[in-house]
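Please find below some notes for a colleague who is reading the coordinates alongside the sequence.

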Amino acid sequence: MKVAILGLPKSGKSTVFAAATGLSVDPYAPPEARQAVVRVPDRRLDYLTKLYNPKKVTEATIEIIDLPGHSLHDPKGREDWRKQLPTVRQVELLVVVIRDFENPTVPAYRDRVDAQADFETVWGEMMFSDLETVTTRVDKLEKSLKKPSPTHDAEKHEMALLTRCRVALEAEKPLSTVITAENERHAVSSFGFLTEKPLICVRNVSDSQVASAAPLKAAHAADSFVLSASIEAEIAALDPADRVAFLADFGVQAAARDRLIQTCYTALGLISFLTMGADEVRAWTITKGSTAVEAAGKIHTDLARGFIRAETVAYDDLVAHQDMKGARAAGKVRKEGKTYVVADGDILNILANA
Ligand SMILES: Nc1nc2c(ncn2[C@@H]2O[C@H](COP(=O)(O)OP(=O)(O)OP(=O)(O)O)[C@@H](O)[C@H]2O)c(=O)[nH]1
Ligand SMILES: [Mg+2]
């Protein structure tokens, strides 16, 4: 999974990135794009590791990209925003960080702190960028449709779809409201439309506001939540054992890192299944609704091809009966076929013909 963090200048993006990745980001470094792979914390792996003492433990991972902010109110800034679009178009999910903290040493965007207006600015620019892409392509198609060509029918279809896209964007509706069918999604996937991607809106508030502030109104966001990037940065530096108490002092329940990762999973409709053995205990990411044979294919294409069955036990059942032996004795280990829909936390052992 690939995620990009974006927003206006000095909204706290790199601080959120640092908190999520555990990396330290030099506040005086020139604004630049950074990238890191984050391991997804999963308590279930800890339990399985204790049981099996495997040679290797592999968590699911998320790739996070931190982008510098640009002023969207001057031509140079908008030019720079445009330059980073190819990177943004590749990701599956956008995290927009909006500033809502007072700090006299950090200049505010347009000299005022107005979180709701800032969100609208970023969102408006996303719509505008998609409209530009759509318009450019429509103009091209208009020309080529005037001449006979072997791809005429396909182009006509594309034209109809993009015309609907243009109408929606002009009416300030995101493309996620237009592109709903799987074949449409496929047809426009190469454009990487921003307003088609799930978006998480993060309101970055001062320490004193974090317990009371409400999430921003972000109409088309998959989720909207509040954090204090400066608290998060402090937590990242603490011993894990001290984190809960530290957060409780601010009235915060969980570190935003965990919430952010969880929200990314939910927004993308992802779940994890687990595999275990003496060699490796591992978490794998799949889309909700995936079948056993699709899960097998995630591990190895050969396992999908030769699939016989999946020996399955729910993580909670395993824990309730201590180990595999206990779960088996209690009749909790099932034999499932190709079309079994895998549930979050299922432990799978795939049997396949070589
Ligand atoms: N008081 C306070 N300061 C913050 C908070 N979040 C970020 N800052 C400070 O604001 C400055 C900018 O934060 P960054 O995380 O670098 O902001 P950014 O969005 O990555 O900035 P650009 O990449 O330059 O667009 C840093 O000096 C941070 O320490 C916060 O929640 N509270
Ligand atoms: Mg930054």
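1. Ala233 is partly exposed, its relative accessible area being 32%, where buried means under 20%, exposed over 50% and partly exposed in between, for a 1.4 Å probe and protein chains only. This is a predicted model, in which local features need pLDDT of at least 70, side-chain atom pairs count only at pLDDT 80 or more, and totals for chains, interfaces and linings use all residues. Residues are numbered from 1 along each chain as its sequence is written, and side-chain values use heavy atoms, with hydrogens and water left out.

2. Ala233 belongs to helix α7, residues 229-236; helices (H or I, at least four residues) and strands (E, at least two) are DSSP runs numbered from the N terminus. Leaving aside residues up to four places away in sequence, Ala233 touches Thr15 and Ala19, contact meaning heavy atoms within 4.5 Å. Between the C-alpha atoms of Ala233 and Gly22, which lie 211 residues apart along the chain, the separation is 8.4 Å.

3. In helix α2 (residues 43-52), the buried residues are Arg44, Leu45 and Leu48. Viewed down the axis of α2, these residues fall within an arc of 95 degrees and so line one face of the helix, the arc being that of the directions from the helix axis to the C-beta atoms. On the other side of α2, Arg43 and Lys50 are exposed.

4. The cover over the buried residues of α2 includes β3 (56-58), β8 (270-275), β9 (280-287), α12 (315-320) and β12 (346-352).

5. At its N-terminal end α2 is capped by Asp42, with a side-chain oxygen 3.0 Å from the backbone nitrogen of Arg44. Just after α2, Asn53 adopts a positive phi of about 45 degrees.

Notes:
Chains are lettered from A and ligands numbered from 1 in the order in which they are written. A polar contact is a pair of N or O atoms within 3.5 Å; within protein, one must be able to donate a hydrogen and the other to accept it, and residues adjacent in sequence count only if both atoms are side-chain atoms.
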